[in-house]
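Please look over the model below before reading on. The points that follow are meant to be checked against it one at a time.

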Amino acid sequence: MAIWESKTERRCDEYFLNIFIDSCAFVYYHACNSWRRTMDKNTRETVSLTFEPHFDAILDAIKRGIEFFSANSITLNARLCKSTRAYAVNDCIREELSHFAAKTPGFDCRTEHKGFLLTYNGYALRPKKVDDNFRSSNIPTQRVNDILSQDYFSQEWAQPIQYQYLTLGYQLTDINTLDGLFIVMEGEKHSVSWVIPIDKSAAYTESMFTLPDLPEQEPEKRVHVKPAATGKKKKSV
């Protein structure tokens, strides 16, 4: 261990150590930021090419689920709260996606812990209602956090598979009709990396779904708080 001859030398060593740590954090931040933008771009293009042949069929399944709810909830709709309606619509959508997966080669459904995943070619889609910023509302359970961080394995799966988890996000009008359908790459802390529109008939432009790159900002610097001064000793009179 180094032996400091004075408090001044010790503070000097701590100062340069903090500069070194901040510099490492700066390099790591920009390296990860650049890697994530490259991977996000490649992933978006791959996902679009993978699912595009099935866009129409998935869109039809989502519409059937919403229409089934609307046709069978006329008398109850006014008595249901917003969250109950959202759960009911989602259940109807899950049912129709299950029928779609059963008759479409390569697709499968995984259900455990009251969740639902539409799987295909190494991807797992979660049907979720999204807001205007394409973000879904989630109860922050460990399962949801693991999915958003791309680190989810179910103990109920006979053969654990590393899926890339995506959101099959749908938007609804006030009268419960489909207003938009998207594949969304969501992350932790309500982040959205990219969006792919599935409903090609809607009046969307590509610029609406091209999210800006993360700003090139330095990581937040730590504030080093000096110990409080003890105060000067009073001079004796």
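The notes below cover the cysteines, the pocket and the nonpolar core of this predicted model.

1. Cysteines. A search of the whole structure finds zero disulfides. Cys81 has a relative accessible area of 40%, and Cys109 has one of 22%. Each falls between the 20% and 50% cut-offs, so Cys81 counts as partly exposed, and so does Cys109.

2. Pocket, position. The largest pocket has a volume of about 1,100 Å³. Its lining consists of 34 residues. Ala86, Tyr87, Asn90, Lys128 and Ser137 are the ones nearest the pocket's centre.

3. Pocket, make-up. Two or more lining residues come from each of α3 (82-103), β3 (123-129), α4 (142-148) and β4 (164-172). The greatest contribution is that of α3, with nine residues. Sorted by class, the lining holds twelve charged, eleven polar and eleven nonpolar residues.

4. Core, members. In soluble globular proteins, nonpolar side chains tend to be buried together. Here the largest nonpolar core has 31 residues. Phe51, Ile62, Leu168 and Ile183 touch the most other members.

5. Core, elements. Helices α1 (7-51), α2 (55-72) and α3 each give two or more residues to this core, as do the strands β2 (117-120), β3, β4, β5 (178-186) and β6 (192-197). The largest share, seven residues, is from α2.

Key: Residues numbered from 1 in each chain as written. Predicted model: local features only at pLDDT ≥ 70, side-chain atom pairs only at ≥ 80, totals over all residues. Heavy atoms only, no water. Disulfide = S-S within 2.5 Å. Buried < 20%, exposed > 50% of the residue type's maximum accessible area, 1.4 Å probe, protein only. 1 Å grid on protein atoms, 1.4 Å probe; cavity = no way out; pocket = protein on both sides within 12 Å on 5 of 7 lines; lining within 4 Å. Points joined across faces, edges and corners; volume = space filled by probe spheres on them. Helix = DSSP H or I, 4+ residues; strand = E, 2+ residues; numbered from the N terminus. Nonpolar A, V, L, I, M, F, W, Y, C, P; charged D, E, K, R; others polar. Core = buried A, V, L, I, M, F, W, Y, C linked by side-chain atoms within 4.5 Å.
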